[in-house]
Amino acid sequence: MSIATQDLFNQSRSFYLVSILELWQRFSYYGLQCILPLYFVWQLEMTLADAFRLFSIYVALAFGFISVGRWLGEQVIGIKHTLLLGSLIMMAGYVLLVFSNRQNELFYPGLATIAIGHGLFKTNPASLLSGIYNRTRFTLYHILACLGSIAAVLLTPWIAHHYDWNIAFSLSVFGMFLVIIHLIFGKHYLDKQGTLADQQPVSLKIGLLVTTIIAVAIVFGIALLRNQKVAPWVLAILVIACVIFYWKDIARLKSEMRRKMGVIFILLFIVFVFFTLYLQIPTSLNFFAINHVSHLVFNISFLPEQFQALNPIWIIITAPMLAALYNRLGSYLPIPHKLAIGMVLCSTSFLILPWGAAFSDSSGFISANWLILSYALHSIGHLSISALGLIVVNRMVPSELKNFITIMWFFTFAVAALTAGKIASKTIPPLNSDSPYISLALYSEWFMTIGIVTAIIAVLMVISAPLIHRMMQNNQD
């Protein structure tokens with residue numbers, strides 16, 4: 001626990017600035033995410049199926065565009081300019097939501113603008129931090145950033161419930177305003193950080209190019225949000241086009257590099273499975289909490305949407321302990337084995353919910369303790385898969401294919417978002433069903449299915465972990 005105590009007050013000002021940027025950006029983004037599917041259903045009067053589909057496309061845009069944000073930050077206008085641009089665009093999107101007043105004329109442009117701004121912003125704070133500490137303080141950084149998620153998920157639903165949805169959206173505007181203020185007045189703390197592009201002034205030609213890219217991206221995002229059935233096909237075309245574009249580089253790889261690429265694609269599949277499960281939190285798991293989980297924890301009543309804060313809470317609690325455990329184990333527990341353990345935990349997090357459903361009361365509600373335990377297992381799995389997967393990919397990817405793998409990494413998140421929406425839709429009870437037991441049985445069935453399929457993948461990961469570890473070792477020799 002020394003990471004959370006001694007190290008917290010012994011960092012550079014540049015570290016605190018980057019952490020604050022990430023904290024308030026997560027406050028804005030996750031504050032909206034935790035209530036957005038509910039807003040679709042309760043305010044825009046969408047069906048659950050339409051709400052899950054629209055939400056999944058919005059998330060796919062937000063993560064699919066990250067590769068463009070990373071490219072702009074590293075090679076075009078620099079990380080710091082990209083951060084400021086992404087922050088301004090995100091803030092503009094949140095403002096559009098505040099003034100949309102449940103009208104699609106502003107609502108879809110607002111969502112598209114937020115998604116594009118998120119793509120510009122997302123990975124650039126971590127890129128700055130890697131230049132400061134070379135990954136030695138990422139656990140502390142992640143913990144501080146999670147504080148923003150916790151505050152947002154606890155506060156935003158409460159504001160929406162007791163006051164107004166537009167006021168709740170205003171919290172996201174406030175969060176991005178703080179990001180912009182810190183960027184403007186704290187930029188001198190980051191003078192030594194950044195890429196070569198950060199050292200060059202942005203020319204008029206480059207500025208016009210970036211403006212055109214952003215404008216086209218927003219129009220493209222609005223079109224996909226309005227024509228939701230087209231989104232999977234567009235994403236498939238982009239993935240195929242990316243593979244074709246880099247095919248010559250892939251074909252020229254030597255056998256050793258091909259084995260390395262094989263490991264990377266296995267990791268991409270693992271990350272795809274994890275993110276599909278992760279996005280059940282604001283969709284199926286959130287509505288499960290609303291419909292079938294007691295709202296009392298230690299005799300304190302919570303809004304069911306606030307249970308989503310359990311994920312970052314458990315991450316803060318377990319991240320220092322898990323980091324210390326993995327450091328102690330060292331080479332005794334290679335990374336493929338850690339990934340396999342993470343998938344086992346993710347599987348278990350869903351399998352225990354049908355077990356809890358067997359103890360439901362006469363109204364079809366279960367104790368909140370079951371959901372708390374589920375989130376605990378899921379969060380430890382999160383730590384074991386998400387961060388470790390990215391570390392392995394960064395270590396193993398051939399230099400000539402870094403751009404290709406970066407694009408495929410974020411396309412993987414986008415595909416997972418669309419898949420998560422389809423899976424969440426399977427938990428929707430029939431329209432003519434009034435019995436809570438029918439709904440509870442449907443949730444139990446699909447959570448059991450998700451858990452079993454994930455368990456099968458986890459078993460395969462456990463079996464193949466020694467082989468994957470040897471492939472990694474051979475490639476490093």
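## Nonpolar core

A nonpolar core is a set of buried Ala, Val, Leu, Ile, Met, Phe, Trp, Tyr and Cys residues joined through side-chain atoms within 4.5 Å. Buried means under 20% relative accessible area, exposed means over 50%, and partly exposed lies in between (1.4 Å probe, protein chains only). The largest such core here has 158 residues. Phe40, Tyr58, Val59, Leu225 and Phe404 touch the most other members. Helix α18 (residues 402-425) supplies the largest share of this core, 13 residues. Helices (H or I, at least four residues) and strands (E, at least two) are DSSP runs, numbered from the N terminus.

Contact means heavy atoms within 4.5 Å. Beyond its neighbours within four places in sequence, Tyr58 contacts Tyr29, Leu32, Leu36, Leu111, Ile114, Ala115 and Leu225.

## Basis of the model

The model is predicted: local features need pLDDT of at least 70, side-chain atom pairs count only at pLDDT 80 or more, and totals for chains, interfaces and linings use all residues. Residues are numbered from 1 along each chain as its sequence is written, and side-chain values use heavy atoms, with hydrogens and water left out.

## Overall fold

The chain has 19 helices and two strands. Its radius of gyration is 22 Å, close to the 23 Å that the globule rule gives for 477 residues, so the chain is as compact as a globular protein of that length. The radius is taken over C-alpha atoms, and the rule is 2.2 Å times the number of residues to the power 0.38. Buried residues make up 55% of the chain. Of contacts with a separation of 6 or more, 85% join residues 24 or more positions apart.

Ser28 lies in helix α1 (residues 13-33). Ser28 is buried, at 0% relative accessible area. Leaving aside neighbours within four places, its contacts are Tyr94, Leu171, Ser172, Gly175 and Met176.

A salt bridge is a side-chain nitrogen of Lys or Arg within 4 Å of a carboxyl oxygen of Asp or Glu. The whole structure has four. One joins Glu22 and Lys122 (4.0 Å, N to O). Glu22 is in helix α1 and Lys122 in the loop between α6 (104-121) and α7 (124-133), so the pair ties together parts 100 residues apart in sequence. Both residues are buried. Glu22, Arg26 and Lys122 form a network of salt bridges.

## Salt bridges within helices

Arg53 pairs with Asp50, the closest N and O atoms being 2.4 Å apart. Both lie in helix α3 (residues 48-64), three residues apart. Glu74 pairs with Arg70 at 3.3 Å, both in helix α4 (residues 66-76).
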